[in-house]
Amino acid sequence: MELPSFRRHTEKTTVPLHASASNTKEVMSRVGKCLVFVGGGHAHLTSLKNLDRFLKIGHRVTLISPSSYHYYSGMGPGMLSGIYQPWEVRFNVKKLAEDRGATFIQGKVIKVDPREHQLFLDSGQTVSYDVVSFNTGSEVPMAKVTKAPEANLFPVKPVVNLLKARQAVLKAIQNRQKIWLTIIGGGPAGIEISANLLGLLDKSGGKGEITLIGGKRLLGDAPEKVRHLARESLQQRGVKIIEGSYVKTLEKGEILLNDGRRLQMNFAFIAIGIQPASLFQDSGIPTGADGGLLVNSYLQSVRYPNIFGGGDCISLEGHQLAKVGVYALRESPILYHNLRVALEGGTMKVFSPQKHFLLIFNMGNRKGIFWKKNWIWEGRLAFLLKNYIDRKFMKTFQVSGELQDQSEAIE
Ligand SMILES: Cc1cc2nc3c(=O)[nH]c(=O)nc-3n(C[C@H](O)[C@H](O)[C@H](O)COP(=O)(O)OP(=O)(O)OC[C@H]3O[C@@H](n4cnc5c(N)ncnc54)[C@H](O)[C@@H]3O)c2cc1C
């Protein structure tokens, strides 16, 4: 069904044929265009906060997102342990959009027709655009470990899964159930989840066994000192760490490792890495090796100049960027600027990714592991610094009464 407000325009838009023409004075004619944001993730936050700038000059703006809320991944593990409340960690993107006069559609885009400028939603709706921006993030490739997802299996994305997991574990503790928590994946997410599950058990007085299956080795790409600090912190607090083994399958409460070992579990967290959804490949839009929307330095599709994107769902031409929120946030103001240029003309800005970035792991006990280049240390100060940076970021974009909306209900 096509929504009346999204009927295609009969007027012709002046979109240049090649993305290299992006700095031409007038990419689109001046008034009344349809701008659609797909996904209300980190890379869209600057644009969403400033939507009135698009609307004031007559553009129609739509946000399509599967949920009214977007959860900030940097504080997600802390929400799992209870350091943070759900409302401290999320943005009400529906309200953010609607308060500024935009239309919010709850749903998922499953296909794009880049020639006809159409988006197809899981609900069957079709939405037309003149300019579209994707910030659809990434997903955990679950098929690598299980064919039949079951209860109490939590991929670490979307981050709201960590709230669902917290509620399920607390319920099991209340029912005095035996708890075997297994984390599959020894990257930064696997470390933070393990550490914050320790925090959750500590705070709630629950008893349980935590096992981290780290693949070849924990934090494979990190310097030895980071790996040592993370391993010590987890092992000293009772986490069993398995390295050198992979999960072959996971079903009916049992994990089978490639070395033949079998482990029991009743809660599993899947942190085996993330990749963009197949949306762009399925739609015949050029992608990078990981299936992300292939964009130039203006964050603009290399083939379709009215398609933009940011965050985990893009592949930046000539770079292999880590899937970290740091990049999504740095792209956010550039994307906002370039979308305005795409609609109104002007000169686009270039996104140049920084080579080194700071990572601080939240270790679930109000301590952190700080890592930037060769500067590596652990302690309370590292957690305080992360907490300060994260809360400052939240304050900038929580402008829709999030702290008053103290519901733990999950959409
Ligand atoms: C446990 C964990 C901890 C992390 N901690 C950190 C950290 O401390 N620092 C750091 O830099 N990075 C961290 N990361 C990485 C970080 O999560 C990602 O790099 C970041 O979320 C990317 O932001 P994004 O906006 O691209 O995607 P997302 O945050 O995933 O947002 C994408 C949005 O798009 C929506 N969406 C998805 N598909 C569709 C669709 N088809 N149609 C419409 N909407 C859609 C989703 O619902 C979501 O709201 C962490 C990751 C995990 C898993």
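Colleague: In the hairpin of β15 and β16, which residue takes a positive phi?

Modeller: This is a predicted model, in which β15 and strand β16 (residues 262–264) pair in the antiparallel sense over three bridges. Within that pairing E254 stands opposite Q264 in β16. The hairpin has four residues between its strands, and the residue there with a positive phi, near 95°, is G260.

Colleague: And in the hairpin that β14 and β15 form, which residue in the turn has a positive phi?

Modeller: Strand β14 (residues 247–251) pairs with strand β15 (residues 254–257) in the antiparallel sense, over four bridges, and V247 has L257 as its bridge partner in β15. Two residues lie between the strands of this hairpin, and the one in the turn with a positive phi, of about 45°, is K252.

Colleague: What is the phi of R366, and how does R366 count by its C-beta neighbours?

Modeller: R366 lies in the loop between β21 (359–362) and β22, and its phi is near 65°, a positive value in a residue other than glycine. There are 15 C-beta neighbours inside 10 Å of R366, so this residue counts as partly exposed.

Colleague: Which two residues does a cis peptide bond join?

Modeller: Most peptide bonds are trans. The place to look is the loop between β10 (153–155) and α5 (160–174), where P158 is found. Omega is about 0° for the cis peptide bond there, and the residues that this bond joins are K157 and P158.

Colleague: Where does K372 lie, is K372 buried or exposed, and which residues does K372 touch?

Modeller: K372 belongs to strand β22 (residues 368–372). There are 11 other C-beta atoms within 10 Å, so K372 is exposed. K372 and F104 are 268 residues apart in sequence and 39 Å apart in space, C-alpha to C-alpha. Not counting residues up to four places away in sequence, the residues that K372 touches are H356 and L358.

Colleague: How far apart do the C-alpha centres of domain 1 and domain 2 lie?

Modeller: The domain assignment gives domain 1 as 4–66 + 107–138 + 276–344 and domain 2 as 142–274 + 364–401. Their contact takes six residues from domain 1 and four residues from domain 2, and by class the side of domain 1 that touches domain 2 has one nonpolar, two polar and three charged residues. The distance between the C-alpha centres of the two domains is 33 Å.

Colleague: What is the radius of gyration of the chain, and what does the globule rule give for 411 residues?

Modeller: The chain has ten helices and 23 strands. Its radius of gyration is close to the value from the globule rule for 411 residues, so the chain is as compact as a globular protein of that length, and both values are 22 Å.

Colleague: What share of the contacts in the chain between residues at least 6 apart in sequence join residues at least 24 apart?

Modeller: Along its principal axes the C-alpha trace spans about 65 × 45 × 40 Å, and buried residues make up 47% of the 411 residues. Among the contacts you ask about, the share that joins residues at least 24 apart is 66%.

Notes
Residues numbered from 1 in each chain as written. Predicted model: local features only at pLDDT ≥ 70, side-chain atom pairs only at ≥ 80, totals over all residues. Rg over C-alpha atoms; globule rule 2.2 N^0.38 Å. Buried ≥ 20, exposed ≤ 12 C-beta atoms within 10 Å, placed from the backbone. Contact = placed C-beta atoms within 7 Å. Pairing = 2+ DSSP bridges. Domains from an automatic or database assignment. Nonpolar A, V, L, I, M, F, W, Y, C, P; charged D, E, K, R; others polar.
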